[in-house]
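Dear colleague,

Here is the structure we spoke about. My notes on what was found in it follow below.

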Amino acid sequence: MSAAKNMNISLQIWRQKNSKEKGKMETYKLNDVSTASSFLEMLDQLNEQLVNERKEPIAFDHDCREGICGMCSLYINGRAHGPDTGITTCQLHMRMFNDGDTIVIEPWRSAAFPVIKDLIVDRTSFDRIQQAGGFVSVNTSGNTIDANATPINKQDADKAFEAAACIGCGACVATCKNGSAMLFVGAKVSQYALLPQGRIEATDRVLNMVRQMDEEGFGNCTNTGACEVECPKGISLENIARMNREYLSASLK
Amino acid sequence: MAKSTLLKSSIAKKVAMALSGIFLISFLALHFFINMVSVFSADAFNEMSHFMGYNPLIQFVMQPILVAGVVFHFIMGFVLELKNKSARPIAYVKFDGGANSTWASRNMIISGLVVLAFLGLHFYDFWVHEMVYKYVEGNAIEETRYYGELVAKFESPVRTGLYSVAFILLALHLWHGFTSSLQSIGFDNKIGKSLHTICYSFAVIVPAGFVFIAIFHHLINN
Ligand code: SF4
Ligand code: FES
């Protein structure tokens, strides 16, 4: 592995005081960025510089910084989570960039994800979709059936598990030219639709989740497949097809 | 579930778009077959065209359905495009669509509009002409006129060129549209995936065939 080097970069970042005010792109210079640092560490470094200059630091979302919580967002150089696939922004490293680069950083852009401040967007529309049906009702009165007591074929279990890997980051919406949330909703519908425990409420689930998705103002999927490429968890388009089937059969019931 | 909610839903619109697209594809396949016949036999082409032009089932049932299909597909495509534009009121300063999707998939509205413009010309050329010939001028049935009419249309190099460009755009439209329609109707299992090769081949071979027919008549018969 080559040794870490330092580089000087230029950043164009969306600044917006709050949800009401209009924002704009601002340019910053940042020197001595280590190629070994992560993208978020680079932003930390920039914020330190801004604080030292008595300027307002840049607000951006992050939490686990290890690719599992889905909080970090950022549209970097025209791509969700930046120039790599299968990763979140916290897993992006500065070695992907070169000395002298200009890096453009924007928030997720979607009518259903309004900007709260700078690069932070409000993703509670996803929560409302989940609340509309993304759950199973389990009797906890003492007669709970052990999940392992219900036989499930391996293929379905695997596919449900893959769908359940979705971390609700919203990269699918951000990258979709239509701002569609169908990969997210497809994953959430599929993770239950494939399991016997989820079948009981399957009809209402898909109808309610799709209705909520439409009400939130997400766009309509045209199968460009961009979401699948940018999804950090490799959620497949198959899940959208499954949701379509589930929805059609639920509607005709 | 109330029908009105179903029809308003994003998935229903998507499925409607897919089904109307598949219907138009089936018509295109038929049209392609008939046109291809013109390369091999003027007589057979005349016979088929005459059948299409005078069979009451085709004239008064199939033709209106076809027109309705085109109009529906177009209007729905436009409605969806507008809705999707409004889902992102603030555009990205930098958007690298090519990094994760094909040009054809992102620009269905452009390829669609070019094909629509071509269809307008095509309807004017053949359909309006046909209606005037049959119902306005009230000409007698002339079973052998079709081949000559076809050849005459490809006399001009400009027309033949425009015709070819429209079909290139149609190829792009089909390249994404055909497999996309299968995905929309939920066809994403093993059978669906193995159909993809057929879809992509169709998207290339059929438009290329139409262009070949145009150039053939332009060069050989004019
Ligand atoms: S489907 Fe993928 S991109 Fe979309 S929210 Fe889930 S993890 Fe993120
Ligand atoms: S900060 Fe948790 S996934 Fe990036």
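This is a predicted model: local features need pLDDT of at least 70, side-chain atom pairs count only at pLDDT 80 or more; totals for chains, interfaces and linings use all residues.

**Chain B and the ligand 1 site**

Along the principal axes, the C-alpha atoms of chain B fill a box of roughly 55 × 40 × 35 Å.

Helix α8 of chain B takes up residues 157-184. How far apart should its ends be? At 1.5 Å a residue, the 28 residues of this helix should span 40 Å, and the end C-alpha atoms are 39 Å apart, so the two values agree.

At its start, a side-chain oxygen of Ser156(B) comes to within 3.2 Å of the backbone nitrogen of Val158(B). Just after the helix, Gly186(B) has a positive phi of about 90°.

Now to the ligand. Where does ligand 1 sit? Ligand 1 is in the second largest cavity. Two elements of chain A, α4 (171-175) and α5 (182-193), each give two or more residues to the shell around ligand 1. There are 13 residues around ligand 1, and those that come nearest are Cys166(A), Cys169(A), Gly170(A), Cys172(A) and Cys231(A). By class, the shell has 11 nonpolar and 2 polar residues, with no charged residues.

Regards

Terms used
Residues are numbered from 1 along each chain as its sequence is written. Chains are lettered from A and ligands numbered from 1 in the order in which they are written. Side-chain values use heavy atoms; hydrogens and water are left out. Helices (H or I, at least four residues) and strands (E, at least two) are DSSP runs, numbered from the N terminus. The expected span of a helix is 1.5 Å times one less than its number of residues. A polar contact is a pair of N or O atoms within 3.5 Å; within protein, one must be able to donate a hydrogen and the other to accept it, and residues adjacent in sequence count only if both atoms are side-chain atoms. A residue is near a molecule or strand if one of its heavy atoms lies within 4 Å of it. On a 1 Å grid over the protein atoms alone, a cavity is a set of points where a 1.4 Å probe fits but cannot get out, and a pocket is an open set with protein on both sides within 12 Å along at least five of seven lines; lining residues have an atom within 4 Å of a point. A molecule sits in a cavity or pocket if more than half of its atoms lie within 2 Å of its grid points. Ala, Val, Leu, Ile, Met, Phe, Trp, Tyr, Cys and Pro count as nonpolar, Asp, Glu, Lys and Arg as charged, and the others, Gly among them, as polar.
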